[in-house]
Amino acid sequence: MRLLHVAGARPNFMKVAALMHAGAARGIEQVLVHTGQHYDASMSDVFFADLELPRPDHHLGVGGGSHAEQTAKVMTCLEPLIARERPDWVVVVGDVNSTLAAALTAAKLNIKVAHVEAGLRSFDRTMPEEVNRVVVDGLSDLLFTPSADGDLNLLREGHPPEQIKMVGNVMIDALERSIEPARRRRVPARFGLEPRRYAVLTLHRPSNVDDPVVLGQLLKTILGTSGDLPVIFPVHPRTRARLEDAAAHGLGRLPERLRLVEPLGYLDFLGLVDGALAVLTDSGGLQEETTVLGIPCLTLRENTERPVTVTLGTNRLVGRDPVALARAFEDVFAGRWTRGTCPPRWDGHAGERVIDLLLEATAGAAETARREGAENTTGVATW
């Protein structure tokens, strides 16, 4: 079996790492394509070292641009590459533009597509990621879901049950492999922080950061409801530019307890999150990681495509509502936050399940082709 993995943004790398480690353990031929959707070294390259990923076999270097421009660039670069490599499967992960572009390109070349992290739905079509999820699932031959709600979403949309495989969460494979090395780095101490005496904040979704007025008000709300808790904010490059605009629109001087830091590598960021009292985020992946780590997660969105982190985990949707944020912090400080439980199959072995199922499907397809070929040699019609 020959697999071609496509990754382009930070969340992709953790998922691909789990798959490539599992594939390497089984001696499978694998090709890694880095689209360059995140092109800053601090946003991608350091992840390869932290996750012990091999250097990409192909780096497309597509860079930024609008959703249409970025998707088109990836497709243009991928088409001749996939045609040349001729993998048995193109494996796509998550919901970014690179995921969509790879699935479209492979499907048009009649190469089978496997979508890892399929079936997630926020039911909010204003999110570009939601559009990507629906389209990629529609193009995929195998749909690997992280939780039971993903199976139900796909069945409701009419996907054949035999395409749907609940394997668990490959993000957690990376976390389980990396948590001890991350802890040994003593990241909170490097920032002069005491464990469980600070919060971590991440923001990157357009609805929260593109409008400087909205961004400024959100930060005021967070600072106004978090007491005197230090808030560590690794700032996405795009968000840093918006912060400057927010300051000019009334945000004013930021207090010292809101500490802006550069984006961190995977191990450093994991170590920082692991020591936090709480995490505030609009990221999907952090909702999952905090659930496994047992850390309160205050999600700054009105919806989530990962509802299992709310029903079973440590996640709570607070949006930008000052009252909801204040109540959430009250519960955090009072120790009333739900402890949560780990969802089924979030056990560090999801990548192994994916590879085993791909091997099984490839072997099945080969056997079918062999039988059809044998029937054809005897003159028996196969239609």
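Trainee: Where is the place of E117?
Mentor: The model is predicted, so local features need pLDDT of at least 70 and side-chain atom pairs count only at pLDDT 80 or more, while totals for chains, interfaces and linings use all residues. Residues are numbered from 1 along each chain as its sequence is written, and side-chain values use heavy atoms, with hydrogens and water left out. Helices (H or I, at least four residues) and strands (E, at least two) are DSSP runs, numbered from the N terminus. On that basis, the place of E117 is in the loop between β5 and α5.

Trainee: Is E117 buried or exposed?
Mentor: E117 is not a glycine, although its phi is positive, about 85°. Buried means under 20% relative accessible area, exposed over 50%, and partly exposed in between (1.4 Å probe, protein chains only). The relative accessible area of E117 is 6%, so E117 is buried.

Trainee: And is F123 buried or exposed?
Mentor: F123 is found in the loop between β5 and α5. F123 has a positive phi of about 60°, and is not a glycine. Its relative accessible area is 62%, so F123 is exposed.

Trainee: What is the relative accessible area of T35?
Mentor: T35 is found in the loop between β2 (29-34) and α2 (45-50). Contact means heavy atoms within 4.5 Å. Leaving aside neighbours within four places in sequence, the contacts of T35 include V6, L60, V74 and S98. T35 is buried, with a relative accessible area of 0%.

Trainee: How far apart in space are T35 and S122?
Mentor: In sequence, T35 and S122 are 87 residues apart. In space, C-alpha to C-alpha, T35 and S122 are apart by 26 Å.

Trainee: Which are the edge strands of the open sheet of seven strands?
Mentor: Two strands pair if DSSP finds at least two bridges between them. With parallel pairing, the order is β3-β2-β1-β4-β5-β6-β7. An edge strand pairs on one side only, and the edge strands are β3 (58-59) and β7 (164-166).

Trainee: Are α4 and α5 roughly parallel or roughly antiparallel?
Mentor: Axes are lines fitted to C-alpha atoms, for helices over the stretch in contact, and angles run from 0 to 180 degrees between N-to-C directions. Helix α4 (residues 97-108) and helix α5 (residues 128-139) pack at about 25°, with axes 9 Å apart. Angles under 35 degrees count as roughly parallel, over 145 as roughly antiparallel, 65 to 115 as roughly perpendicular and the rest as oblique. α4 and α5 are therefore roughly parallel.

Trainee: At about what angle does α4 run to β4?
Mentor: α4 lies across β1 (2-7), β4 (89-93) and β5 (112-116). To β4, α4 runs at about 160°.

Trainee: Which residue in β10 is the bridge partner of I232?
Mentor: Strand β8 (residues 199-202) pairs with β9 in the parallel sense over two bridges, and V200 stands opposite I232. β9 also pairs with strand β10 (residues 258-261) in the parallel sense, over four bridges. In β10, the bridge partner of I232 is R259.

Trainee: Which residues of β9 point the other way from V231 and F233?
Mentor: In a regular strand the side chains alternate between the two faces of the sheet. In strand β9 (residues 231-234), V231 and F233 point one way, and all four named residues are buried. Pointing the other way are I232 and P234.
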